[in-house]
Amino acid sequence: MPFMKPFSLTYVRYPVDDVFGFFAALASLMPFCVIVATFGAFFARRELWDLGLLVGILANEVLAQFLKHVIDEPRPDSCALVDFCKTSGMPSSHASLAWFACSIAVLNFRRRAAAHLGTQNRVLDSFGKILVMVHVPIALAVSTSRVYLGYHSFAQVAAGSVLGLVAGAAWHFFVMVPFASLFTTLETSPLGEFLGIRDSSLV
């Protein structure tokens, strides 16, 4: 019978009767929640920015998995406790995804704030700050949980975090912002009108 590999994004185990471990397990599932929430946001609003973010999340995950394959560093010995030692651990894809989303959220808030400079858009300012305030502790919680639960070493999580931050910044500046200038054209195109896609990323 072939080796059965668990779906790592949603597979998480924690110590029995460990309250902190329980919440760490929940935190470890947050990257999956980010993906689901972004999918939901796109299908509900048909925002081109959300679509670009989804593609970026996928690209970041592919990059993290590729690096795991190339580096091929074993997980720490604690992986035996969670029965998750047969896959490589460097870098942590959970940490990478969490910090990728955080990086995009912070940079997009700065982009929107710059576009409304001097207009005193209090709704935008408040919403953006709340968004950033949510993403940062989530990313920290995800990173902490992967070490605490024994899935990764500190170095593997640190590498994943740096990868996510850098990849998020690169995706924002070299993909999202340049392509944002085409959003209006796509929005008003026959295909865009048929699909109901729109761009209000600066509104």
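This is a predicted model: local features need pLDDT of at least 70, side-chain atom pairs count only at pLDDT 80 or more; totals for chains, interfaces and linings use all residues.
Good morning. In this presentation, a residue counts as buried when its relative accessible area is under 20%, and as exposed when that value is over 50%.

Let me begin with the protein as a whole. The protein has 203 residues, of which 41% are buried. Its accessible surface amounts to about 11,500 Å², and carbon and sulfur atoms account for 72% of that area. As for contacts between residues at least 6 apart in sequence, 73% of them link residues at least 24 apart.

I turn now to helix α2. This helix covers residues 30-45, 16 residues in total. From its first C-alpha to its last it reaches 22 Å, close to the 22 Å expected at 1.5 Å a residue.

Which residues of α2 are buried? They are P31, V34, I35, T38 and F42. Viewed down the helix axis, the buried residues of α2 lie within an arc of 95°, and therefore they line one face of the helix. On the other side of α2, F43 and A44 are exposed.

One further detail concerns the end of this helix. Just after α2, R46 adopts a positive phi of about 60°.

Thank you for your attention.

Technical notes: Residues are numbered from 1 along each chain as its sequence is written. Side-chain values use heavy atoms; hydrogens and water are left out. Buried means under 20% relative accessible area, exposed over 50%, partly exposed in between (1.4 Å probe, protein chains only). Contact means heavy atoms within 4.5 Å. Accessible areas come from the Shrake-Rupley method with a 1.4 Å probe; for residues, only the protein chains shown count as cover. Helices (H or I, at least four residues) and strands (E, at least two) are DSSP runs, numbered from the N terminus. The expected span of a helix is 1.5 Å times one less than its number of residues. The arc is that of the directions from the helix axis to the C-beta atoms.
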